[in-house]
Amino acid sequence: MARPDLKDRFNRWLDHLSDERRLADKTLIAYERDVRQFLQFLAGHLGGPPGLADLRDLKPSDFRGFMARRRRDGAQSRSLARGMAGIRSFLKFLEKRGEVNAAASDAIRPPRQARSLPKPVAVRDAVDVTSGDLAMETEAWVEARNAAVLTLLYGCGLRISEALSLTGRTAPKKGAKSMRIIGKGGKERIVPILPVVTESIEAYLKLCPHAVTANSPLFRGVRGGPLNPRAVQLAMEKLRGVLGLPDSATPHALRHSFATHLLAGGGDLRTIQELLGHASLSSTQIYTEIDATRLLEAYDKAHPRR
């Protein structure tokens, strides 16, 4: 992939991302893969593994050529943009060490991405999905478990990974007003807890046949191991079929619904940002577009001069 000097810097960069910047595992894996692909691309042009000196000679055309190759291989705009982000991160790391100049990569604009709005479910549908009253599972404890997980996603705006990372110790207890969540990149946030959330978890724990200790996973699979995210997705697929919901009604859509319904009810955008654990307000602002889109749709349907 690269000569020893560049391979050494590559490994140091990965350690920096993991230990100092504490990037999420998925982001770290994606960045590593993207930079490896770029170095392999350079190796093809150079006729051999690139070294540190080769990165000093990079031109904007080298990055354009790489993106063109990736595009021919079927990469979409989102993947190309993330790939350039990873490459820039690596070059910036080397630039701070005084070993390269990252100006050439800064001259490249990432490809435009089609902006797609999150698709929340309606309030009534969200309530039905989290009720646990539809008798979708043959075992009552599994039904209660699924309802508890989905209630956490909608009632607290959690990601699936955050809900499934809860243990007997960190699970919200009866009477609790809030809980501490460790989100992406190890970022902590405090999430308020509705009574319906703790009630749903208590109902699950009363029926769960597996012992939930302080350090064990709160949510268990049928055989007693940690609950797999795929099981939650499959449960949601069943619910979609019964309730006649679109394919966009996924577990993650419940998190979108949490934010959208709060905003529609007068919630403050900054507060919603904190509740979701978004690092940037721009990530949260997309929900204002959903709200505006729905308002216009209602206007078009209801206005007497339509």
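A cavity here is a set of points, on a 1 Å grid over the protein atoms alone, where a 1.4 Å probe fits but cannot get out, and lining residues have an atom within 4 Å of a point. Points are joined across faces, edges and corners, and a volume is the space filled by probe spheres set on them.

Bear in mind that this is a predicted model: local features need pLDDT of at least 70, side-chain atom pairs count only at pLDDT 80 or more, and totals for chains, interfaces and linings use all residues. Residues are numbered from 1 along each chain as its sequence is written, and side-chain values use heavy atoms, with hydrogens and water left out.

**Exercise 1.** Work out what lines the second largest cavity and which helix gives the most.

*Solution.* Start with the volume: about 40 Å³. Next, list the lining: Asp34, Gln37, Phe66, Met67, Arg70, Ser79, Leu80, Gly83 and Met84. H2 (25-46), H4 (60-72) and H5 (77-96) each supply at least two residues, and H5 gives the most, with four.

**Exercise 2.** Describe the largest cavity and the class make-up of its lining.

*Solution.* Its volume is about 110 Å³. Of its 15 lining residues, Val129, Met136, Glu143, Asn146 and Leu239 lie nearest the centre. H8 has the largest share, four residues. Finally, sort by class (Ala, Val, Leu, Ile, Met, Phe, Trp, Tyr, Cys and Pro nonpolar; Asp, Glu, Lys and Arg charged; the others, Gly among them, polar): the lining has seven nonpolar, three polar and five charged residues.

Terms used
1 Å grid on protein atoms, 1.4 Å probe; cavity = no way out; pocket = protein on both sides within 12 Å on 5 of 7 lines; lining within 4 Å.
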